[in-house]
Amino acid sequence: MSAETTDPTSQSNYRQISTKHFSLDWSIDFHEKVIKGSITHELTVHTSDIKEVIFDTSDVVIKRVYVEGESCDAQYSLGEKHEVMGSALYIPLPAGLQSGSSVKVTIEYNTTEPGCKALQWLDKAQTHGKTHPYLFSQCQPIYARGLLPCQDTPSVKATYEARITSVLPALMSAIRVSPPAEGPVHDGKIVGEDEVTYVYNQPVPIPSYLIAIASGNLCYHAFDKLEGKDWTSGVWAEPDIINDAWWEFKEDTTRFLAAEEELVGMPYKFGVYDLLVLPPAFPYGGMENACLTFVTPTLLTGDRTLVDVVVHEITHSYFGNGITHADASHFWLNEGWTTYIERLLQQILHSPAHRGFSFLSGSKDLYDALKFYEQRNKKYQKLQIEFEKGENPDDAYSSVPYDKGANFLLHIERTLGGLDVFLPYMKDYVKTFIGKSITTEMWKDHLFGYYTRFGGEDELEALKSIDWDAWLFGTGVTLPVPMEYDMTLAQQSYKLAERWSKTKDTSEFSAVDISGMDANQIGAFLERLQSFDPLPVAHIDVLGDLYGLVNSHNAELRLRFYEVALLDPKSAKSELYATAALGWIVGEEDGMVKGRMKFCRPMFRAAFSVNKAMAQDKYQEHKSSFHPIARDLIEQVRYN
């Protein structure tokens, strides 16, 4: 039952036959913590006389299978389970199917718990309101197969429709058909008791990793509609935080999206751009699910200092959701382009100094990741990674595709002569590949092809001068080319860090030192401190108290303070600070776990260096509070 395939993470035969559209009919069972129902695939044949369709699955229970309405329960089979790729589902097809023809396959099934890595079920105590349970999904990179039998590869894009029955409001990465989002919560029925069927439609083809579902005690608050725009935007959250969430994002979300449209030269095509503020266990800062961006509640700082995360997710509407990587080896095309454009928007929305500051801010995480993989697996330092068949792409999850990719594009921009030369190409890139899944080679061929058609010898020679192998396939703890950025916004931060690194008397410092800085500049100060020798313990104590870092509600600042405090794992107070850091992560202060991997991974890594037994005990005690994806990556730290 072999199948031709190129995606190293999929067992499906998507090159021979692929899903064009699918329909979901689901019921959410919060008691059993499973989704029950069916999926109907409408498939297009690419190879004549194909004998079977192969879907990716992982820990799903298959109940019945129908092909063109006829039962084939006796013929389908599940392959042996692969640790990463799951179990291939083989379904025989009618004889004589020709290329271009269609066939319909329906699968009745349910998810499993534990087992399904795509879903996290939260008890009511793990939510903001603590009155109802909560469900949310995370399908990127290869976990959709645990939510639904599918061809789980970004090379396949399909439209979909869904009917979701639940006792709690249910959201999906699609346009709400009924009941109306701005109507009564839960269609006026009793939340948590009465079942309501929610109907969704996604008319734009999307890859499987953008399929998303969330269900909980959720309500909606629309943002003001921009004049002349066909799309709408708003925020979903639990009732306890909906007003805070609306205030945090209402000024900037629609402004960001309008600026994005103007920059790329193409209207937003998904119709709806909503945000969902999730419980703190969500493992990412944001996830660009079509029509419904998931965001971490750690963005709700009350001063809008972290809302620029939304710029990144909006940018994915074009780079990722629109132009999609063909498989995990080319993931950098999604994140590198998105980070590059996000930072260009910082220049447009604010100033050129903000663009430089964004690159500078990202550089620490990049170099930390490069150093980490220098000891672990050097191939994950590459932009284009040659994944082995069945290798887990989450093992390579880091800032490398984001920041190394963005710096690569910045280097190309500068080599070609600047934005005036590069931006017309970017718009042509979007126009050429929107809606498609591409490889790095296709991107590079288009780049050279564009400047062959519209450039001159100077541009082509400039492109040829770039060390493509070093950027795409090179390893090491530095970038192939030293990069310089506008340092204007970092000067005050860097000068303050240098003062702290040199002083023996902390009495010279006061809260006035940071009074003129925004949170991002304070973060840069703390990052810069980590480039010097570890501070004496007494300095760290003063630092935390003086600037209010030790109890800051801004998670970005709290993270960086603990990184400074734990820079020397053998200092006299390292165990005290490690205990405090893990207490913050697992929610001992506020009852809310900090499940975002940007926070929990480095804190557990630092704590393991201080006292492995203590860190392991703390992790085991709170393991179930973390998302399955976060658990896997934290446990990689534990055993290495």
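In this predicted model, Pro114 sits in the loop that runs between strand S8 (102-110) and strand S9 (119-122). The peptide bond joining Glu113 to Pro114 is cis, with omega at about 0 degrees. Another cis peptide bond leads from Gln140 to Pro141, where omega is near 5 degrees. Pro141, too, belongs to a loop, here between strand S10 (134-137) and strand S11 (157-166).

Backbone geometry also deserves a look at two residues with positive phi. Lys130, in the loop between S9 and S10, has a phi near 60 degrees although Lys130 is not a glycine. Its relative accessible area of 39% makes Lys130 partly exposed. Cys291 likewise is a non-glycine residue with a positive phi, about 70 degrees, and is found in the loop between strand S19 (286-287) and strand S20 (292-295). Cys291 is buried, however, with a relative accessible area of 2%.

Around Ile91, leaving aside residues up to four places away in sequence, the contacts include Val53, Phe55, Val65, Val67, Val105 and Ile107. Ile91 also touches Lys51 and Glu52.

Charged side chains complete the picture, with a count of 32 salt bridges. Glu527 pairs with Arg560, the closest N and O atoms being 3.0 Å apart. Glu527 lies in helix H12 (residues 519-529) and Arg560 in helix H14 (residues 555-565), so this pair ties together parts that are 33 residues apart in sequence. Both Glu527 and Arg560 are buried, and both belong to a network of salt bridges that also links Glu556, Arg596 and Lys598.

A further salt bridge brings Glu588 and Lys618 together at 2.6 Å, N to O. This pair links distant parts of the chain, 30 residues apart: Glu588 is in the loop between helix H15 (574-586) and H16, and Lys618 is in helix H17 (residues 612-622). Glu588 is partly exposed at a relative accessible area of 47%, whereas Lys618 is buried at 15%. In the salt bridge between Glu386 and Lys382, the N to O distance is 3.2 Å. Here Glu386 is partly exposed, with a relative accessible area of 40%, while Lys382 counts as buried at 16% relative accessibility.

Notes:
Residues are numbered from 1 along each chain as its sequence is written. This is a predicted model: local features need pLDDT of at least 70, side-chain atom pairs count only at pLDDT 80 or more; totals for chains, interfaces and linings use all residues. Side-chain values use heavy atoms; hydrogens and water are left out. Contact means heavy atoms within 4.5 Å. Helices (H or I, at least four residues) and strands (E, at least two) are DSSP runs, numbered from the N terminus. Buried means under 20% relative accessible area, exposed over 50%, partly exposed in between (1.4 Å probe, protein chains only). A salt bridge is a side-chain nitrogen of Lys or Arg within 4 Å of a carboxyl oxygen of Asp or Glu.
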